[in-house]
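Here is a short report on one model. It covers a chain contact, a helix and a sheet.

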Amino acid sequence: MTQHQPVLSGDQIATRPRGRLLLNVPAISVLFLWSIVPLCMTLWFSFRRYNLMEPTRTGFDGWGNYRYLLSDPGLGLAIWNTIFLLASILLITIGLGTLLAILFDQDFFGRGIARVLVLSPFFVMPTVSALLWKNMILHPENGLLAFLMRSVGLKPVDWFAVAPLTSIIVIVSWQWLPFAFLTLLTAVQSLDEERKEAARMDGAGAIAMFRYIIWPHLGRAVAATTMIETIFLLGIFAEIYVTSAGGPGFASTNLSFLIYRYVLMEYDIGGAAVAGLVAVLLANLLAFFLMRSFARNLDA
Amino acid sequence: MATIELRQIRKSFGESEILRGIDLTIRDQELTVFVGPSGCGKSTLLRLIAGLEDSTAGDLLLDGQRINHVNPARRGLALVFQTYALYPHMSVADNMSFNLKLAGVPKEERERKVAEAARILNLEALLQRKPKELSGGQRQRVAIGRAIVRNPKVFLFDEPLSNLDASLRVRMRVELTRLHRQLRATTIYVTHDQVEAMTMADRIVVLQAGSVEQIGTPMELYRQPKNIFVAGFIGSPRMNFLSATLQQNTSSGTMIAFPDGATLHVPLISKSAQAGEKVTLGLRPEHAYLAENSVLAAKVQTVEHLGPESYLHLLSRYGEAMTVRVNGETTTKVDADISVGFDPGSLHLFDKSGLAFESPSMLTTGTGVSN
């Protein structure tokens with residue numbers, strides 16, 4: 001049995017609220033399934049007694065999970081670590097990315113190959129690159145740094161014990177530098193040659209050229225790079241899991257690793273749900289400020 | 001006071017030679033136009049003077065000083081770019097004073113100079129706007145303002161009107177000429193448009209394939225093109241060219257023969273052309289008219305009515321395309337057989353290498369037509 005739907009023209013759809021709503025249903029339901037349902041489930045769990053080690057203790061816990069989490073000394077540190085990781089990596093990737101982009105905009109022998117080499121870290125999986133850094137570069141016995149330090153008579157350092165967060169910042173920056181480099185390079189290349197020549201005629205040297213012509217031109221690319229990197233870097237996990245496992249103590253635990261600790265080390269789903277809500281809150285706060293400071297740049 | 005002198009300037013990009021030894025003097029206070037077809041090297045020549053390119057060989061002198069290796073910003077020249085090249089994130093005022101700011105000029109003086117330039121260019125109301133909020137003509141004026149603020153010895157314009165629509169272009173042309181009269185600064189203006197060259201220039205430099213073809217005032221080039229290239233390039237519509245054979249050199253002129261044997265006496269002479277040589281007869285469309293009987297019979301192919309005048313596109317009986325300017329009210333129809341008349345004094349003649357024949361009186365007195 002087939003039912004014939006009347007074919008609606010664009011005007012008719014626009015004037016008929018019901019028809020319009022109907023056409024929006026697929027998009028809205030997908031959005032609902034993907035984000036609202038998990039959010040509601042998280043909210044639900046956050047008020048439940050739900051620990052896999054104690055399957056018999058169920059029921060509502062009121063604000064119990066919240067009280068437990070907020071009294072956790074790890075939470076404040078995890079929030080701080082999340083923000084510190086994000087800010088440092090953004091600073092390093094965009095700073096170095098801009099320098100590299102300007103460098104690679106110049107014509108030099110072997111530029112094509114050099115560009116591919118710069119981009120290659122981005123193609124390495126996070127777990128693999130973390131292992132590479134952990135075992136081949138930063139390792140206190142077998143690492144390249146240890147070898148170099150020994151060869152000049154210094155005592156090798158166990159980087160993940162002494163400076164776990166800094167080590168992770170280095171690893172993730174190495175991974176994300178290519179991304180920043182690529183977006184900034186395309187922005188640098190889109191700068192009108194005549195505009196640079198006009199600045200040269202106006203007497204701009206290299207520094208003035210960067211400050212007054214190139215950097216303002218990069219504003220939009222920097223904004224976009226910051227946003228995209230923020231989305232991914234808020235949830236750094238693999239690099240921490242593989243290298244320092246969040247330690248020593250909570251020294252390199254960020255929010256996503258804290259949630260992991262709750263779920264798979266303490267089997268506390270309720271507590272993890274509250275930590276997850278804190279992460280959502282933090283992400284939204286950051287998104288709000290980012291949008292406010294960059295929105296002008298993006299629609300320029 | 002600023003005079004630019006070029007001595008044997010050469011420029012090559014890799015294997016290809018763009019400029020092949022340019023000797024040129026840009027006179028003080030004059031508006032000199034570099035004109036030529038695209039790829040003739042006129043823009044390269046301008047960029048070389050501006051300092052954005054280095055010459056491969058030769059000397060570039062500004063008021064007698066060699067400036068080949070002087071930094072572009074220190075040459076005291078200002079360049080107005082084809083795309084205007086304004087700084088999009090700066091206001092009009094900041095665009096105009098960027099040079100002064102980099103030079104460390106105090107704020108009050110900067111503002112004073114910007115205000116003065118804005119007054120000359122009628123930009124006062126727009127000083128706080130960003131370039132994207134301006135129309136094409138306004139951007140053009142800001143670009144010129146940026147040049148004026150620098151108070152340069154020489155203004156350089158690189159096809160400044162080619163991004164504007166036709167009516168605005170005519171208006172800016174008049175405005176630029178007025179501005180030049182007002183500022184009395186030495187100016188070099190590059191264009192591919194011979195109309196701009198004719199209307200604006202004090203002196204035109206015609207370039208082709210990296211060489212100077214001819215230098216002169218607009219009317220000198222129009223009346224006495226040195227060769228067939230200049231003759232074809234200056235004037236619109238283009239000069240008609242008809243091939244013929246040199247029959248005899250006389251003291252008062254030259255006898256030429258058309259393919260069918262018809263002969264014509266042209267009051268121009270050449271010292272080098274020999275009898276029997278292939279020559280080209282040149283006749284401007286505006287110097288031709290419809291006649292009863294003439295050696296130039298033709299068939300009308302198309303009639304273009306422009307209002308004040310009409311152009312007849314013809315095919316001569318020797319199979320060559322011709323254009324004749326006639327009255328705007330002409331009733332001549334397509335396919336009509338007509339005869340083209342002309343005053344022998346308005347004819348041009350070129351030898352087989354394209355070099356123009358000269359008027360016998362010119363050879364004796366040695367002076368050209370002056371204006």
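The contact takes 13 residues from chain A and 15 residues from chain B. Two residues are in contact if their C-beta atoms, placed from the backbone, lie within 7 Å. On the side of chain B that touches chain A, strand E6 (77–80) and helix H2 (92–102) of chain B each supply at least two residues. H2(B) gives the most, with 3 residues. That side of chain B divides into 12 nonpolar, 3 polar and no charged residues. Ala, Val, Leu, Ile, Met, Phe, Trp, Tyr, Cys and Pro count as nonpolar, Asp, Glu, Lys and Arg as charged, and the others, Gly among them, as polar.

This is a predicted model: local features need pLDDT of at least 70, side-chain atom pairs count only at pLDDT 80 or more, and totals for chains, interfaces and linings use all residues. Residues are numbered from 1 along each chain as its sequence is written, while chains are lettered from A and ligands numbered from 1 in the order in which they are written.

Helices (H or I, at least four residues) and strands (E, at least two) are DSSP runs, numbered from the N terminus. Helix H1 (residues 42–50) of chain B is largely enclosed by the rest of the structure, because 8 of its 9 residues are buried. Buried means 20 or more other C-beta atoms within 10 Å of a residue's own, with C-beta atoms placed from the backbone. Among the buried residues are Lys42(B) and Leu45(B). Just after H1(B), Gly51(B) takes a positive phi of about 100 degrees.

An open sheet of 5 strands in chain B has the order E15-E19-E16-E17-E18, with antiparallel pairing. Strands pair if DSSP finds at least two bridges between them. Its edge strands each pair on one side only:

| Edge strand | Residues |
|---|---|
| E15 (chain B) | 288–291 |
| E18 (chain B) | 321–327 |

Definitions and conventions. A residue is buried if 20 or more other C-beta atoms lie within 10 Å of its own, exposed if 12 or fewer, and partly exposed in between; C-beta atoms are placed from the backbone.
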